[in-house]
Amino acid sequence: MEGEKKYITSEELKEHKKPGDLWISIQGKVYNVTDWIKEHPGGDTPLLNLAGQDVTDAFLAYHPGIAWKYLDKLFTGYYLKDFEVSEVSKDYRKLASEFSKMGLYEKKGHGVFYSLTFVAIMLAIVVYGVLKSDRVWVHLACGMLLGFLWIQSAYVGHDSGHYQVMCSRGYNKFAQFLAGNCLTGISIAWWKWTHNAHHLAVNSLDHDPDLQHIPVFAVSSSLFKSLTSHFYGRELTFDAVARFFVSYQHLTFYPVMCVGRINLFIQTFLLLFSKRKVPDRALNILGILVFWTWFPLLVSCLPNWPERVMFVLTSFTVTAIQHIQFCLNHFSADVYVGKPTGNDWFEKQTGGTIDIACSSWMDWFHGGLQFQLEHHLFPRLPRCQLRKISPVVRDLCKKHNLPYRSLSFWDANVSTIRTLRTAALQARGLLWEAVNTHG
């Protein structure tokens, strides 16, 4: 009969989850995203990870209302026969709808303006201090200030990558490249590539790149099995070298964080000069060239090599504060192995995140990421709104008996080191076993 709905089951939908054959379901309607993957603004990783299942919650989290109009041309004509919505998802979707009606997604405040102004002032002070003073302590202070500049600039890049912080998409892209590529030397293309995968597969040991730090760190003994990274497409080999480093990771964690920025520079270059399709590759490379022009020139203006080394190491060490916070938000949270699933979106986010408790006057310091769970559940929500919705999210977690972990900065550090030490001792047991076995 004309107009009669056609249905497929969830099992049949699962058959369409391979490159070249990608189907998803949103609110019970089935869409073919096989060709759309090439145009998808969020890249191919989210669609490859979530294909073959209902992705309503993830879609609502990441897409504004205007995105719905793009779905019509992708509709297969099928509906999901056994489509069901859990009580948690019902409450989550209701909450997202209420926030939208309240206009919270549009109320961005003036945080980005203040941040960019603060960054500009800090940059001016750093340049003035390096050029006009010959005192070592001034140069040391400038190095510290540059580190804080990079932290605040990274927060602006993060915000502009999640939602439109400027008055137009063009200006928003400009803010991304300025705050990311030009000022910090870290490609916004690299950030989007890894960060989207992290959000969708939070704390999946084989799908979340933010937990794949072999051979230096391993947050779980499951990584000792040399898992295959579905993000990087290679094996995370846990060999003798990795076993040695991981055995002492609770001791090396902070020193490694002090030079962690070097890894971000390397990852940026590896992506931009790879064969992988990179959006705005030329623009990203141009932004990186801007950074690697002004930063070495600034360092070269210091009077001698000892002060240059001191300046660079000091700036890197200060940014370690931010790198550490990123780890605190996830390293000691729940982990799992496997692809993310669309039907437990809320549960996976609560399990894989840890908030950092702080006073409201410290919000600028943490860039809103102290509300990690709130940010993961509502990534398009401006950071100025996260504290407001925190009690509501806490109540929803309590209603459904889900974890809502909020630790002080100190306690979060203790919890992270404890997690690393536990895995280190397990790896050390394997190390001594190998020594005793092979002499």
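Analyst: The structure holds two cavities of 30 Å³ or more; on a 1 Å grid over the protein atoms alone, a cavity is a set of points where a 1.4 Å probe fits but cannot get out. The model is predicted, with local features requiring pLDDT of at least 70 and side-chain atom pairs pLDDT 80 or more, whereas totals for chains, interfaces and linings use all residues. Residues are numbered from 1 along each chain as its sequence is written, and side-chain values use heavy atoms, leaving out hydrogens and water.

The largest cavity contains about 60 Å³ of space, a volume being the space filled by probe spheres set on grid points joined across faces, edges and corners. Its lining comprises 13 residues, where lining means having an atom within 4 Å of a point. His 158, Asp 159, His 375, Leu 381 and Arg 383 lie nearest the centre of this cavity. Helix H6 (residues 136-162) supplies the largest share of the lining, three residues; helices (H or I, at least four residues) and strands (E, at least two) are DSSP runs, numbered from the N terminus. By class, six of the lining residues are nonpolar, five polar and two charged. In this scheme Ala, Val, Leu, Ile, Met, Phe, Trp, Tyr, Cys and Pro are nonpolar, Asp, Glu, Lys and Arg charged, and the others, Gly among them, polar.

The second largest cavity has a volume of about 30 Å³. Leu 200, Val 202, Tyr 336, Pro 340, Thr 341, Asp 344, Trp 345, Lys 348 and Gln 349 line it, and helix H14 (residues 345-351) contributes the most, three residues. This lining divides into five nonpolar, two polar and two charged residues.

As for strand pairing, an open sheet of five strands has mixed pairing and the order E1-E5-E4-E3-E2; two strands pair if DSSP finds at least two bridges between them. Strands E1 (6-8) and E2 stand at the edges, each with a single partner strand, so one side of each lacks a neighbour in the sheet. E1 runs parallel to strand E5 (residues 75-80) over three bridges, and Lys 6 has Tyr 78 in E5 as its bridge partner. Strand E2 (residues 17-18) is antiparallel to E3, with two bridges, and Lys 17 stands opposite Leu 22 in E3. In the hairpin of E2 and E3, which has two residues between the strands, Gly 20 takes a positive phi near 95°. E3 and strand E4 (residues 29-32) pair antiparallel over four bridges, one of which joins Ile 26 to Lys 29.

Turning to charged contacts, the whole structure contains eleven salt bridges, each a side-chain nitrogen of Lys or Arg within 4 Å of a carboxyl oxygen of Asp or Glu. Lys 90 and Glu 87 form one, with the closest N and O atoms 3.3 Å apart; being three residues apart in helix H4 (residues 87-101), they are separated by about one helical turn. Lys 173 and Asp 280 form another at 3.2 Å, N to O. Lys 173 lies in helix H7 (residues 169-184) and Asp 280 in the loop between helix H11 (260-272) and helix H12 (281-300), so the pair ties together parts 107 residues apart in sequence. Lys 173 is partly exposed at 34% relative accessible area, and Asp 280 is partly exposed at 36%. Finally, salt bridges that share partners join Asp 54, Asp 57 and Arg 93 into one network.

Methods. 1 Å grid on protein atoms, 1.4 Å probe; cavity = no way out; pocket = protein on both sides within 12 Å on 5 of 7 lines; lining within 4 Å. Buried < 20%, exposed > 50% of the residue type's maximum accessible area, 1.4 Å probe, protein only.
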